[in-house]
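Please open the structure in a viewer and keep the selection panel at hand.

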Amino acid sequence: MDWESVRIFLEVARAGQFLKAAKHLRLNHATVARQVTALERSLNVKLLERHTSGCVLTAAGDALVVAAERAESELLKVGASIGGAAEAITGTVRVGAPDGLGNYFLADQLGALAARHSGLIIQLVPLPRTFSLSRREADIAITLDRPKQGRLILSKLTDYTLSVYAAKSYLAREGQIGKQSDLTGRLFVTHVEDFAYSRALDYASALGRLMSRRYECGSVVAQMEAVRSGHGVGILHDYAARRYPELQRLLPDVRFVRSYWLTSHPDTHDVRRVQEVLRFIAASVKSYRPSFDAH
C-alpha cells in the first residue's frame with residue numbers, strides 16, 4: 001500500500017471534498033482523484049461514495065481512516081523525537097481561538113513568535129462551532145468550555161472578565177448611565193444568537209430585558225467597533241476594551257467571568273513546534289494575566 005496515496009485519501013476524508021483536499025495538499029484536483037482511485041483499485045474495495053456535493057466514507061473507508069490516522073500519529077511522534085535535537089523550529093502550527101482572544105491578544109503575541117522563528121508558520125484561525133484536533137483541523141485549540149469528550153490534553157489558560165461599556169462621546173450625547181435602569185431604551189450592541197456556539201457566550205440576556213433595541217453583530221470585533229463609534233452600549237472583553245481610551249466602563253457591579261481552556265491532541269502534543277507554541281501561549285497569558293480581569 002502506497003503511503004502517499006493513503007495520505008491523500010486521508011485528507012479527502014477529512015475535507016469531505018476532493019477539491020477542498022486538493023487545495024489543502026496544493027495538488028491538482030485530478031491528481032488527488034487519481035490517487036484515491038488507484039488506492040481503491042489496489043485494495044479492491046470502494047472507500048468513498050462520490051456525490052456532487054462531496055464524498056462520504058464507506059465502511060471500508062472508515063476503517064482505513066482509523067488505521068491511517070494511527071500510522072500518521074506514529075510518524076509524527078517519530079519525527080518529533082528525531083528532530084527534537086535540532087535547534088531550528090520549523091513547520092506549520094494551526095491555532096484555533098475565539099474571536100476576542102484571537103484578535104485582541106493572540107494576533108499580536110503569536111506574530112512576535114512567528115517573527116522570531118523564520119522556519120515556523122503559525123496559522124491563527126477563528127474557532128468554528130465544531131472542530132477536530134484528531135482530524136488535524138487545528139494543532140492547538142483555545143475553547144470557552146472545558147472539553148468533556150475526546151482524547152485531549154487540556155489545561156485552564158485563564159479566567160477573563162467582560163463588562164458594560166459605551167463610548168464617552170455616546171454618553172455625552174445620550175446621557176450618563178449610573179444604574180441598570182438607565183439602560184432602558186438604549187441601543188444594545190450584542191452578538192447574533194444563532195452564532196453563539198457556547199453557553200459561555202450567553203451573558204447578554206442579563207441586560208437584554210432592559211434594552212429592547214438591538215444591533216446584533218456576528219463578531220467581537222464588530223461589536224467593539226460599533227460601541228467605539230458611539231452607536232450604543234455593549235458587553236465587551238475587559239482586556240480588549242482597555243486599549244481604547246474612548247471607551248468608558250459602566251456599572252462596575254455588573255461583571256461576567258468566563259474561562260479559556262488550552263487544548264491539544266496527544267498525538268501531536270509532543271511535536272516540538274507544537275510544544276513551543278503551547279508554551280509561548282501559556283507564558284504570554286500568564287505575563288498579561290492582570291489585564292484579563294476587570295479591576
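Predicted model: local features only at pLDDT ≥ 70, side-chain atom pairs only at ≥ 80, totals over all residues.

Residues are numbered from 1 along each chain as its sequence is written, and side-chain values use heavy atoms, with hydrogens and water left out.

**Salt bridges**

A salt bridge here is a side-chain nitrogen of Lys or Arg within 4 Å of a carboxyl oxygen of Asp or Glu. By this rule the count is ten salt bridges.

Select E4 and R7. Their side chains form a salt bridge, with N to O at 2.7 Å. The two residues are three apart in helix α1 (residues 3–15), and are thus separated by about one helical turn. Helices (H or I, at least four residues) and strands (E, at least two) are DSSP runs, numbered from the N terminus. E4 is partly exposed at 32% relative accessibility, and R7 is also partly exposed, with a relative accessible area of 32%. For these terms, buried means under 20% relative accessible area, exposed over 50%, and partly exposed in between (1.4 Å probe, protein chains only).

Next, select K156 and D159. The closest N and O atoms of this salt bridge are 2.9 Å apart. D159 is partly exposed at 36%, and K156 is partly exposed at 45%.

Now select R228 and E246, a salt bridge whose closest N and O atoms are 2.7 Å apart. Because R228 belongs to helix α8 (residues 220–228) and E246 to the loop between α9 (238–241) and β10 (247–264), the pair ties together parts that are 18 residues apart in sequence.

**A helix pair**

Finally, select helix α2 (residues 18–25) and helix α3 (residues 29–43). At what angle do their axes cross? The axes cross at roughly 110° and come within 8 Å; axes are lines fitted to C-alpha atoms, for helices over the stretch in contact, and angles run from 0 to 180 degrees between N-to-C directions. α2 and α3 are therefore roughly perpendicular to each other, a term for angles of 65 to 115 degrees.

Show the side chains where the two helices meet. F18, L19, A22 and L25 in α2 meet H29, V32, A33 and V36 in α3, contact meaning heavy atoms within 4.5 Å.

Key: Parallel < 35°, antiparallel > 145°, perpendicular 65-115°, else oblique.
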